Protein chains: 2
Amino acid sequence: MDVLESVLAVQERTSKWVREGKSIGFVPTMGYLHEGHEQLIKEAREENDKVILSIFVNPLQFGENEDLDKYPRDNEHDQHVAESLGVDMVFLPTENTMYPDPLSVKLTVARRADVLCGKSRPGHFEGVVTVLTKLFNICQPTKVYFGMKDAQQVAVVDALLTDFNFPIRLVKVPTVREDDGLAKSSRNVNLTPTEREEAPAIQEALQYGQTLVKNGERSAEKVKDATRKFLDSRTHGKIDYIELLSYPELEPVTNINQPVILAVAVFYEKARLIDNVVLKSDGTVEIG
Amino acid sequence: MDVLESVLAVQERTSKWVREGKSIGFVPTMGYLHEGHEQLIKEAREENDKVILSIFVNPLQFGENEDLDKYPRDNEHDQHVAESLGVDMVFLPTENTMYPDPLSVKLTVARRADVLCGKSRPGHFEGVVTVLTKLFNICQPTKVYFGMKDAQQVAVVDALLTDFNFPIRLVKVPTVREDDGLAKSSRNVNLTPTEREEAPAIQEALQYGQTLVKNGERSAEKVKDATRKFLDSRTHGKIDYIELLSYPELEPVTNINQPVILAVAVFYEKARLIDNVVLKSDGTVEIG
């Protein structure tokens with residue numbers, strides 16, 4: 001496994017792979033890999049000749065009040081994980097490698113960005129699409145892998161790829177869960193024992209909402225309200241939002257007659273957890 | 001020579017060429033080809049295994065008062081020219097092919113855009129970088145060809161490629177000129193006989209300015225003033241601007257100690273002509 005820091009070194013390698021007809025699976029991350037990332041790498045490994053993992057804590061996607069410096073890093077662990085899962089190349093650029101000069105051309109996100117978690121993180125998704133556009137041009141992937149845990153990020157990446165005709169297929173990887181259904185997250189360790197016991201109610205509430213849709217409920221408002229009541233009665237966590245939006249457009253929905261996302265964020269004492277389910281209009285799961 | 005209208009058909013073809021290790025030269029145009037375009041195609045033909053010409057009158061780069069509908073079109077002539085110069089593929093998309101839906105992700109140009117001709121065309125270069133980003137991802141070129149006649153466009157494309165790490169080399173093709181030095185332009189036919197006789201003074205003025213730099217003048221202001229006086233005395237055309245800026249950054253310059261562009265725009269009765277020269281700090285030509 002090669003660990004490369006230079007854009008040109010990576011581009012030379014990926015151009016060679018492309019010319020040799022190799023498919024390239026790409027997993028962009030900010031490092032500190034957990035089982036969610038591992039699942040992305042495993043799928044990329046199964047489906048491609050070559051697998052690239054990038055590790056870059058992208059300053060552009062952090063807001064002013066978000067603590068970039070405190071973002072956890074563990075390159076040694078990450079490289080060990082990558083090696084053990086058969087990654088061919090780790091791209092580990094410095095900030096100066098990625099942003100040597102102020103950008104003259106900028107990307108903004110006009111849709112899909114100002115709802116759900118994006119509401120409280122202005123500029124976040126502009127940072128995301130900027131670094132991804134660069135990484136896509138550097139790594140030249142055939143397929144790129146993202147986890148559905150962050151369904152809004154997937155929707156924004158979908159827009160980026162579609163709007164600019166990137167010749168890249170987006171692979172949406174289902175959320176990895178604990179045995180009791182709680183979505184895996186590095187934040188779960190910050191839950192108190194009681195909170196940890198209650199937290200599976202988040203997925204149960206989403207499944208409850210899903211059942212309503214399956215049984216014919218078409219009112220987005222009613223599904224949201226019922227999901228909220230279900231969750232409120234089962235956890236002491238404070239609900240940040242329960243939203244039901246079209247997917248991947250993330251537009252408001254009155255009647256459910258298209259694919260939708262039912263998404264939840266809950267504040268616990270020292271962790272904010274998110275989860276979601278993407279449904280077809282008949283209530284069956286669209287994306288895991 | 002193939003003429004294709006569909007994004008997917010082109011992408012399938014270019015992906016195949018890339019996998020076969022073919023180099024691809026790309027000449028993006030708005031059609032109505034003249035000798036300037038022909039020069040771009042010829043250079044692309046010499047330097048690449050495959051040559052793609054795109055013809056697309058991009059609505060996004062026209063301002064509200066700029067008459068998109070009146071932009072001249074002659075696809076039959078253009079395809080004949082392309083065929084005769086050995087182009088392998090013409091990409092001729094419709095507006096609906098390029099912009100089937102409103103864009104969710106947008107590009108803006110924060111530098112290099114609001115000077116020279118861009119000053120009076122707000123939004124123009126955003127349209128340019130947007131369509132080019134799409135075309136680059138569709139045509140997957142090794143090299144892309146632009147004429148130095150529109151040096152500002154070259155500077156903006158240079159920023160686009162650099163900022164987003166496109167694995168594409170920008171080839172800057174010197175301006176094609178008439179025997180008397182006048183830059184070739186489809187607008188030259190709109191000059192009166194007297195104007196046509198005077199118009200070579202535009203390049204002569206640029207050469208005069210260049211000579212001053214060569215002879216040691218370092219003051220941007222003095223070079224601009226002298227160039228203006230030279231030109232004013234030799235043509236009845238109204239000077240729109242004479243600018244001396246760093247190149248390709250297009251930032252104001254006081255003392256000439258880096259590559260600079262000396263650029264001129266002149267209004268005649270029914271035509272506005274532009275021309276420029278890019279100089280090293282010693283006054284020798286940096287780009288033709």
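## Terms and model

A salt bridge is here a side-chain nitrogen of Lys or Arg within 4 Å of a carboxyl oxygen of Asp or Glu. The model is predicted, with local features needing pLDDT of at least 70, side-chain atom pairs counting only at pLDDT 80 or more, and totals for chains, interfaces and linings using all residues. Residues are numbered from 1 along each chain as its sequence is written, chains are lettered from A and ligands numbered from 1 in the order in which they are written, and side-chain values use heavy atoms, with hydrogens and water left out.

## Salt bridges

Over all chains, the rule gives 26 salt bridges. One of them joins the side chains of A:E35 and A:K184, at 2.5 Å from N to O. This pair links distant parts of the chain: A:E35 is in helix 2 (residues 35-47) of chain A, and A:K184 is in the loop between strand 7 (169-173) and helix 7 (193-198) of chain A, 149 residues apart. Helices (H or I, at least four residues) and strands (E, at least two) are DSSP runs, numbered from the N terminus. A:E35 counts as partly exposed because its relative accessibility is 41%, while A:K184, at 15%, counts as buried. Buried means under 20% relative accessible area, exposed over 50%, and partly exposed in between (1.4 Å probe, protein chains only). A:E35 and A:K184 also belong, with A:E178, to a network of salt bridges.

Helix 2 of chain A takes part in another such link through A:R45. The closest N and O atoms of A:R45 and A:D88 are 2.9 Å apart, forming a salt bridge. A:D88 lies in the loop between helix 3 (75-84) and strand 4 (89-91) of chain A, 43 residues from A:R45. A:R45 has 26% relative accessibility and therefore counts as partly exposed. In chain B, B:E20 and B:K16 meet through their side chains in a salt bridge of 3.0 Å, N to O. B:E20 is partly exposed at 41% relative accessibility, and B:K16 is partly exposed at 40%.

## Interface of chains A and B

In chain B, 32 residues are in contact (heavy atoms within 4.5 Å) with 31 residues of chain A. The area buried between the two chains is about 2,800 Å², with carbon and sulfur atoms giving 56%; this is the accessible area (1.4 Å probe) that two parts lose on being put together, summed over both.

On the side of chain B that touches chain A, the elements giving two or more residues are helix 1 (7-19), strand 5 (105-109), helix 5 (124-139) and helix 6 (151-163) of chain B. Helix 5 of chain B gives the most, with six residues. Strand 5 (residues 105-109) of chain A runs antiparallel to strand 5 of chain B, and five bridges join them. Strands pair if DSSP finds at least two bridges between them. A:K106 has B:T108 as its bridge partner.

## Strand 3 of chain B

Strand 3 (residues 50-55) of chain B is largely enclosed by the rest of the structure, because six of its six residues are buried. In a regular strand the side chains alternate between the two faces of the sheet. B:K50, B:I52 and B:S54 are buried on one side, and B:V51, B:L53 and B:I55 on the other. Strand 2 (residues 24-29) of chain B runs parallel to strand 3 of chain B, joined by six bridges. B:F26 stands opposite B:I52.
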